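Reader: I am new to protein structures. Could you show me how to read one, feature by feature?

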Amino acid sequence: MTPKRKKRLTIILGLVFGTSLIVGLVMFSLSENINLFYSTSQIANGEAPVGARIRAGGMVVDNSIKRSTDSLKVQFAITDYEKQVLVEFTGILPDLFREGQGIIAQGTMDANGVFQADEVLAKHDENYMPPEIAESMKKKQEAAQ
Amino acid sequence: MPRLLLFIPLVLFMILGGFLWKGLSIDPRELPSALLDKPFPEFSVTALQQPDRVLTKKDFVGKPVLVNVWATWCPSCRQEHEQLLAIAAQGNLEIIGLNYKDERAAAINWLRQLGDPYQFNIYDEDGMLGLDLGVYGAPETYLLDAQGKIRHRHVGVVTPAAWQEIQAIIKGWDSVKN
Amino acid sequence: MTPEIGEFALIIGLLLSVILAVVPMVGAATRNEMWMSFAKPLALGQFLFMIISFLCLGYAFATDDFSVVYVAQHSNSQMPIQFKLSAIWGGHEGSLLLWALILCGWTFAVSRFSKALPLDMLARVLSIMGMVGTGFISFLLITSSPFARYLPSYPADGADLNPLLQDFGLIVHPPMLYMGYVGFSVAFAFALAALLSGRMDAAWARWSRPWTNIAWSFLGLGITLGSWWAYYELGWGGWWFWDPVENASLMPWLVGTALVHSLAVTEKRGVFKSWTLLLAIFAFSLSLLGTFLVRSGVLTSVHAFASDPERGFFILMLLAITMGGSLTIYALKAPSVKSESSFSWLSREVLLLVNNVFLTVMAVTVLLGTLYPLLIDALGSGKISVGPPYFNAVFVPIMGTMSIAMGISIAVRWRETSQESVIKTLWLPAVVSLVIGLIFPFAYGGGFDFRVFLGMSVSLWVISTVVREFISKFRNATTIKTKLSQLSMSYYGMMVAHIGVAVTAIGITLVSTYSEERDMRMAKGDHVELAGYLFTFEGTKVVKGPNYMADQATIVITEDGQSVTTLHPEKRRYNVKRNMMTEADIDAGLFRDLYVALGEPLNNGEAWAVRVHYKPYVRWLWLGGILMSLGGLLTVFDKRYRKKKTRGRVANA
């Protein structure tokens, strides 16, 4: 091999190695860290896997918020106006969390069918309906017709 | 050959553009009502200002009306209030209020302060009628025809543009009749 | 009347930018000097009318003109005046007007400060900026005029600005960010003008370098401010959430960083021309893409503007024309011939190429993570979101490897450097940073921590190589003072920016490892201990602000019985929107922040949910960001750029 060819080969090998390393890293991280969205109906029908990290979204049901008196534990129900799912969360809820508001919770389903959230998101806009929730409601309405 | 390589960025962008285009068409705002072109649900609920008067669907069937879902906790309702007053002042179309998940005293007070564009107000305290109607949140506005069928649904503030759209729909009915 | 004047000024601005987009470009193509010389006065006129338009909107806000829809939706008579004025860019329409204003400002600045530029080049550059201006001003006029009125009747008072935005951070954050986004349009215009004229030489790189550096610095400052704002205003104590909106600003910054470096190579050595041109196109395109993502509602984000598909469609069209057009020109005109200059493996050229590859890869991974939910959705495979762990897992190793290369690049010269001399310069910094990196976790955290070891070593490596290189400059200097003045501003800028990277890296490493956080239920007299500090909750009282009522807590912090500070976090309730707002209170320090935020009242106000944070070195994050931007700005004052200008003026005369 001439020195020039050798140089070129090294470049190509380096590029292939580097790219596959990064592609591998990206694919692995993506597969580990995507959270599938489930509507409350899907969860209530048992479609959501138990123990896997998922996102659930819905409207907070009126008068469903129950607070523990001695800790920051709070329980509430969310709905897509068809089925309800109970959510438990420990910590401080976002400012715009309130009844009738669309929220997205991240966490896992426990064995009792309660969604254990470690994060609750409400948008900074009171007229906001998270697209995921809108979409899941829209689908259901189309099915109902 | 090297010249062709220079087209790679363009091709990649076109693929990306295609996905963005697709993403745009997934539009969360277009919410067809489950009840579109179906009759307004039956109900029997008290009136907001007269707690002993029971309202039913018969109270507004017979002429086209707007049903406006509102509440005092909803800031956008305050925004659209002026537009509603303007529509009521024109007198071509009656507006029925659907006071949604609200406190009676606060709602009456609101109407006293800001003006009352409504023929009457349905006091849907627990949101049951809203649930039947498929209300996502306030404000929402429904256009009913003389038979009491839902012909159009508007989510969000009734802007001048939205009002024009509603007027255009009504005009459409008139021209069919003639 | 004023809003109508504003609208009218906007229309005239549009007309001027249409003329600017066409006439000088045709002039440059047909070598018509008179047509080309129209560019400068048009740039000035366009800028003036945009200023008028902007002032009209400002006047409507200052005088509470609620007949203007945009004012009624984003302001309120009770709001303090500074927030009334910053509310101009508190919503979609007004912020877009600011965007367009800044664009015209940049156009004017280019026309004013490019005396050295040949006339046809200047005409092309301004013309391309005029095209971008045409796109954005017509976007304003067609879909989102901020001057629309409520007719026939209008509300008596406004709906108030979102309380989160009633804050100093938001007064300054968007203008900085837009200065950066829009500033990349200058680099973009220079790149396209070079492609069109076929003059892709070192001169082109030299002209666009200062503009690119300024834009990049502003964007960096904007991102830094945004992160700082999120930290104290969102009440969660986080400083980066990998939210699509944040990513939208990070991507152009990453590509912009690559561009800043690549331009240096192209100017000094005349290599990587095609690559630099491509980066210039991408930096601006990513700015546009960010605008699209934020304003079209295609992605779920807690920060996004109210979604509007019509606007999204319009921006997508703008994006398609800008990117499609520029990439087509690029594909047809970019030089595909190999550069003549040669360089060896161990040269600054290669290391800067490595830096470019890393930065681009980072931008691509962020782009992928941001758009992945959209791709999956478009393919109909369900709704997903990509969590922050993805970004951390990908970003951190790439960033770390790049920092190692960063240290080496300091010791390497253009063209060729011998291996021995590199090792000779770098062995000491390597040993020093590894040793301190190893000791630090024991000394600070009381135990070994691998992440801290890596993070600290890499950061110290970057700093120590810079310092080592700086000292070596003085080996043969006669006096320190003469040497200091001999070194160019570009050199100082580079050093400051690189140290900034290290400072940010130290901040990230330490705050993500040693932060402590507690969510507590606290009644009057309760206390909690965190990182050696004792937080005592002394109850709340009601206070009244200009447009809100608040429950204000008093939390006394002591350390070993010594009083440290008293914090007053608030829970505000804004009068108009009835929004609740958490106003955190922070005792800031160079080495640690104490952060207290109120959650909700429990048991009818008997107790409160309280969040307490201990955040070591969190300020370093933003300090590093400021240093990086400062470095970028310093390079602009390099004598080279000024000299070229005077010489150009003589040549013109």
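This is a predicted model: local features need pLDDT of at least 70, side-chain atom pairs count only at pLDDT 80 or more; totals for chains, interfaces and linings use all residues.

Reader: Which residues of α3(C) and α7(C) make the contact?

Author: From α3(C) come C:Ala39, C:Ala43 and C:Gln46. From α7(C) come C:Leu122, C:Ala123, C:Leu126, C:Ser127 and C:Gly133. Sort the residues of this contact by class, and there are five nonpolar, three polar and no charged.

Reader: Can we try another pair?

Author: Take helix α15 (residues 419-445) of chain C and helix α16 (residues 450-472) of chain C. Their axes come within 8 Å and cross at roughly 140°.

Reader: What does that angle make α15(C) relative to α16(C)?

Author: It makes α15(C) oblique to α16(C). An angle must be over 145 to count as roughly antiparallel. As for handedness, α15(C) passes α16(C) in a right-handed crossing. The contact of α15(C) with α16(C) has 15 nonpolar, eight polar and one charged residues.

**Buried and exposed residues**

Reader: How do I judge C:Ile508: buried or exposed?

Author: Count neighbours. A residue is buried if 20 or more other C-beta atoms lie within 10 Å of its own. C:Ile508 has 21 other C-beta atoms within 10 Å, so C:Ile508 is buried. Find C:Ile508 in helix α18 (residues 489-514) of chain C.

Reader: How far apart are the C-alpha atoms of C:Ile508 and C:Tyr617?

Author: They are separated by 8.1 Å. Along the chain, C:Ile508 and C:Tyr617 are 109 residues apart.

Reader: Where is C:Phe272 found?

Author: C:Phe272 is in a loop of chain C, between α10 (244-269) and α11 (273-296). Apply the neighbour count again. C:Phe272 has 21 C-beta neighbours inside 10 Å, so C:Phe272 counts as buried.

Reader: Which residues does C:Phe272 touch, not counting residues up to four places away in sequence?

Author: C:Phe272 touches C:Ser262, C:Val265, C:Thr266 and C:Leu353 on that count. The C-alpha atoms of C:Phe272 and C:Glu349 are separated by 9.2 Å, and the two residues are 77 residues apart along the chain.

**Backbone angles**

Reader: What should I expect of phi in most residues other than glycine?

Author: Most of them have a negative phi. Now look for positive values. C:Arg31 has a phi near 55°, which is positive in a residue other than glycine. C:Arg31 lies in the loop between α1 (2-30) and α2 (33-36) of chain C.

Reader: Is C:Arg31 buried or exposed?

Author: The cut-off for exposed is 12 or fewer neighbours. C:Arg31 has 10 other C-beta atoms within 10 Å, so C:Arg31 is exposed.

Reader: What is the phi of C:Asp560?

Author: Phi of C:Asp560 is near 50°, a positive value in a residue other than glycine. C:Asp560 sits in the loop between β5 (548-559) and β6 (562-567) of chain C. With 8 C-beta neighbours inside 10 Å, C:Asp560 counts as exposed.

**Whole chains**

Reader: How do I read chain C as a whole?

Author: Begin with its elements. Chain C has 20 helices and 11 strands. Its C-alpha trace spans about 80 × 75 × 55 Å along the principal axes. Next, burial. Of the 653 residues in chain C, 54% are buried.

Reader: What radius of gyration would a compact globule of 653 residues have?

Author: The value would be near 26 Å, and chain C agrees with 27 Å. Now contacts. Take those in chain C between residues at least 6 apart in sequence: 74% join residues at least 24 apart.

Reader: How many helices and strands are in chain B?

Author: Chain B has six helices and seven strands. From the N terminus on, they run α-α-β-β-β-α-β-α-β-α-β-β-α. Buried residues make up 39% of its 178 residues.

Reader: What pattern does chain A follow along the sequence?

Author: The pattern of chain A is α-β-α-β-β-β-β-β-β-α. That comes to three helices and seven strands. In chain A, 37% of the 145 residues count as buried.

How values were computed:
Residues are numbered from 1 along each chain as its sequence is written. Chains are lettered from A and ligands numbered from 1 in the order in which they are written. Axes are lines fitted to C-alpha atoms, for helices over the stretch in contact, and angles run from 0 to 180 degrees between N-to-C directions. Helices (H or I, at least four residues) and strands (E, at least two) are DSSP runs, numbered from the N terminus. Angles under 35 degrees count as roughly parallel, over 145 as roughly antiparallel, 65 to 115 as roughly perpendicular and the rest as oblique. A crossing is left-handed if the near helix is turned anticlockwise from the far one by less than a right angle, and right-handed if clockwise. Ala, Val, Leu, Ile, Met, Phe, Trp, Tyr, Cys and Pro count as nonpolar, Asp, Glu, Lys and Arg as charged, and the others, Gly among them, as polar. The radius of gyration is taken over C-alpha atoms; the globule rule is 2.2 Å times the number of residues to the power 0.38. Two residues are in contact if their C-beta atoms, placed from the backbone, lie within 7 Å.
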